[in-house]
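Keep the sequence and the 3D view open while you read.

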Amino acid sequence: MLAITIDELLRPYEFEFFRNGVIVATVAGALCGLIGCYVVLRSMSYIGHGLSHSIFGGFAFASLIGINVFIGAGAWGLATALLIASITRRRPIGSDAAIGVVTTASFALGLAMVQVWGSAGTDADAALFGSILGVSTADVYLILAVTIATVATIIISYRRMLFVTFDPEVAEVSGVRVSVTDAVLMLLLAASILVTMNVLGVTLIAAALVVPAVVARLLTSSFTSMLVIATVVGAITGVVGMNLSYHLDIASGPVIVLVGAALFIAAFILSGVRGRAGLKGLAHAH
Amino acid sequence: MSTDTAVTTDLVRLSGVTCAYDATPVIEDVDLTIEAGDFIGVVGPSGSGKSTLLRAISGSIDPVRGSVERKGVRFGFVPQLETVNWDFPVTVSQCVLMARTRPLRKFWPSRGERVAERERLHDVLDRLGIGEFADRHIRALSGGQQQRMFLARALMTDADVLLLDEPTSGLDVKTRHEVLHLLDELRRSGLAVIITTHDLNGIAAHLPNVVCLNKRVVAAGTPAQVLTSVNLEATYGSPMEVLQHAGMPVVVDAAPEFHLLTGTDPAPVEPTASRN
């Protein structure tokens, strides 16, 4: 019985598209978990959400005019971020409201373009909701490259990025170039969204960015440990989510996010139990 | 400290500095010179521009008029405790070390450099009396220990000038004295220390120099020179009595509301400081 079960579980690995999908989902989960720590701690969750939606507009436009989707969507995302910054600077509108207006408009424009003209050569559904069928070997190399670049940047700029995340004003006074560090973070975030779009889908990337980081925060009070735990949690959600996605025949994005949500519930309960145990220990000590 | 811009041995010199947010001036026409070993308390009511003055000194805000000269000076900044995100997941040692940013070419330090840095960290933490808390989360410290932690972070930047935004706010009397004593020790070692505070009597007892600020510099000098009823009323817009105790000025709130609330006169003490 057990042998049959294991055989069943391993069967999808006979297919190259599935192996690629698992690699990409695992690495994408780890990448989103890692970069998500900065997103969550800087209260930028809404930017992650908005940026992923606005990039769909770029995806649709790039498909329409027949240019490389990653370049087109990346440029579109950058233009959107600049537009948000410009609106916030020139008018008395909060950045959250500007993000709400610009990114949803971009997303809606993308949907309209796909409906009217279609998405030649690319799968709009995969971009929206994620699909293991959309993963090619080139995607594997691309996401590995972005992950290596992100990890290298975080190692090289570890203290700068921590300082700017914790206390940007003091970091600036202490000689850290906050605007450059912010720009690097936004670049990494945009690149992470772009390369994970096919597996997770733009509608669900924000959850992949936020959930592992929140799970990690519930489990640790050390920044370094949070980065490690969030990366591992993200990778676990990717590999488990992809396998469940295949066996349950549900799109990969929703399943990966639901696995993350289950881990969040477990961490939430565990942190509550540990908190109560800590309080009991204090009561006994007194 | 000097408000005379002709002095040349200064670390930082502000000349006619005006800073504004949304075209509304917050500080106006401020002249101030900071020298090594200075220990200056900046006092003034809320909204008088104290924090903005610190930002102008450090360069995190540019003046709309006037100039600030900083001769390669490094700054260490201690923020108001109320502005800190205490839920942020950092331990004391992580918080202190974040200020030790490395040049990109030296992102991977040698083992010897790492050991030296850890030793320095523990030296600084021990010197400030918080060595045993290095691995604790920042929220697990008392208010005085939190101040010391940020002071340790500022010291780890090899700062020439320490800027502290209300370092005695919310601290009990004993801890307040300890923090001010510690700052006095640091300035004796050659650092310039600038603090903003509402603790007039604390600075009268501990600081050699005071600046009264209400958008403009109302008065600057020693506590005995500056903490007078006239200067304080000009700064705060409210009458204050200044008494003398053991050769130090002691500021007493002499607001007329006192009479209305109690139906009595204020405590019968003889002011010895003259209104000038």
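## Interface between the chains

The contact between the chains takes 22 residues from chain A and 21 residues from chain B. This is a predicted model, with scores of ipTM 0.79 and pTM 0.81.

- On the side of chain A that touches chain B, the helices α7 (137-156), α8 (158-166), α9 (168-173) and α12 (223-248) each supply at least two residues.
- The largest share of that side comes from α8(A), with five residues.
- By class, the side of chain A that touches chain B has eleven nonpolar, five polar and six charged residues.

**Nonpolar core**

- The largest nonpolar core has 164 residues.
- The residues with the most contacts inside this core are A:Cys37, A:Ile55, A:Ala208, B:Val161, B:Leu162 and B:Ile194.
- Helix α2 (residues 16-41) of chain A gives the most to this core, with 15 residues.
- Domain 1 (1-73 + 160-231) and domain 2 (85-158) of chain B both give residues to this core, so it lies between them.
- In soluble globular proteins, nonpolar side chains tend to be buried together.
- Leaving aside neighbours within four places in sequence, A:Cys37 is in contact with A:Ala213, A:Ala216, A:Met226, A:Leu227 and A:Ala230.

**Chain B: fold and domains**

- The secondary structure of chain B comes to nine helices and eleven strands.
- Chain B has 276 residues, of which 41% count as buried.
- Among contacts in chain B with a separation of 6 or more, 68% join residues 24 or more positions apart.
- Chain B is divided into domain 1 (1-73 + 160-231) and domain 2 (85-158).
- The centres of domain 1 of chain B and domain 2 of chain B, taken over C-alpha atoms, are separated by 26 Å.
- The contact between these domains takes eight residues from domain 1 of chain B and five residues from domain 2 of chain B.
- On the side of domain 1 of chain B that touches domain 2 of chain B, the largest share, four residues, comes from helix α5 (residues 173-188) of chain B.
- By class, that side of domain 1 of chain B has five nonpolar, two polar and one charged residues.

- Helix α3 (residues 45-65) of chain A has 21 residues, which at 1.5 Å a residue should span 30 Å.
- The end C-alpha atoms of α3(A) are 31 Å apart, which agrees.
- In α3(A), 17 of the 21 residues are buried, so this helix is largely enclosed by the rest of the structure.
- A:Gly66 follows α3(A) and has a positive phi, near 80 degrees.
- In helix α1 (residues 50-58) of chain B, nine of the nine residues are buried, so this helix is largely enclosed by the rest of the structure.
- The buried residues of α1(B) include B:Lys50 and B:Arg55.
- B:Gly59 follows α1(B) and has a positive phi, near 95 degrees.

**Residues to look at**

- A:Leu218 is found in helix α11 (residues 205-219) of chain A.
- Is A:Leu218 buried or exposed? A:Leu218 is buried, because 20 other C-beta atoms lie within 10 Å and the cut-off for buried is 20 or more.
- Not counting residues up to four places away in sequence, A:Leu218 touches A:Ala267, A:Phe268 and A:Ser271.
- Most residues other than glycine have a negative phi.
- A:Asp249 is not a glycine, yet has a positive phi of about 55 degrees.
- A:Asp249 is found in the loop between α12 and α13 (252-285) of chain A, and is exposed, with 8 other C-beta atoms within 10 Å.
- B:Glu166 also has a positive phi, near 50 degrees.
- B:Glu166 is in the loop between β6 (161-165) and α5 of chain B, and counts as buried, with 21 C-beta neighbours inside 10 Å.

**Confidence in chain B**

- Chain B averages a pLDDT of 83, and 86% of the residues score at least 70.
- Among the elements of chain B, helix α2 (residues 92-97) of chain B has the highest mean pLDDT (94) and helix α9 (residues 257-262) of chain B the lowest (52).
- Over residues 4-8 of chain B, pLDDT stays under 50, and the model has seven contacts beyond four places in sequence for them.
- Over residues 266-276 of chain B, pLDDT also stays under 50, and the model has 18 such contacts.
- Where pLDDT is low, the predicted coordinates should not be read in detail.

Terms used. Residues are numbered from 1 along each chain as its sequence is written. Chains are lettered from A and ligands numbered from 1 in the order in which they are written. The expected span of a helix is 1.5 Å times one less than its number of residues. A residue is buried if 20 or more other C-beta atoms lie within 10 Å of its own, exposed if 12 or fewer, and partly exposed in between; C-beta atoms are placed from the backbone. Two residues are in contact if their C-beta atoms, placed from the backbone, lie within 7 Å. A nonpolar core is a set of buried Ala, Val, Leu, Ile, Met, Phe, Trp, Tyr and Cys residues joined through C-beta atoms within 7 Å. Domain bounds come from an automatic or database domain assignment. pLDDT is the predictor's confidence in each residue, from 0 to 100. Ala, Val, Leu, Ile, Met, Phe, Trp, Tyr, Cys and Pro count as nonpolar, Asp, Glu, Lys and Arg as charged, and the others, Gly among them, as polar.
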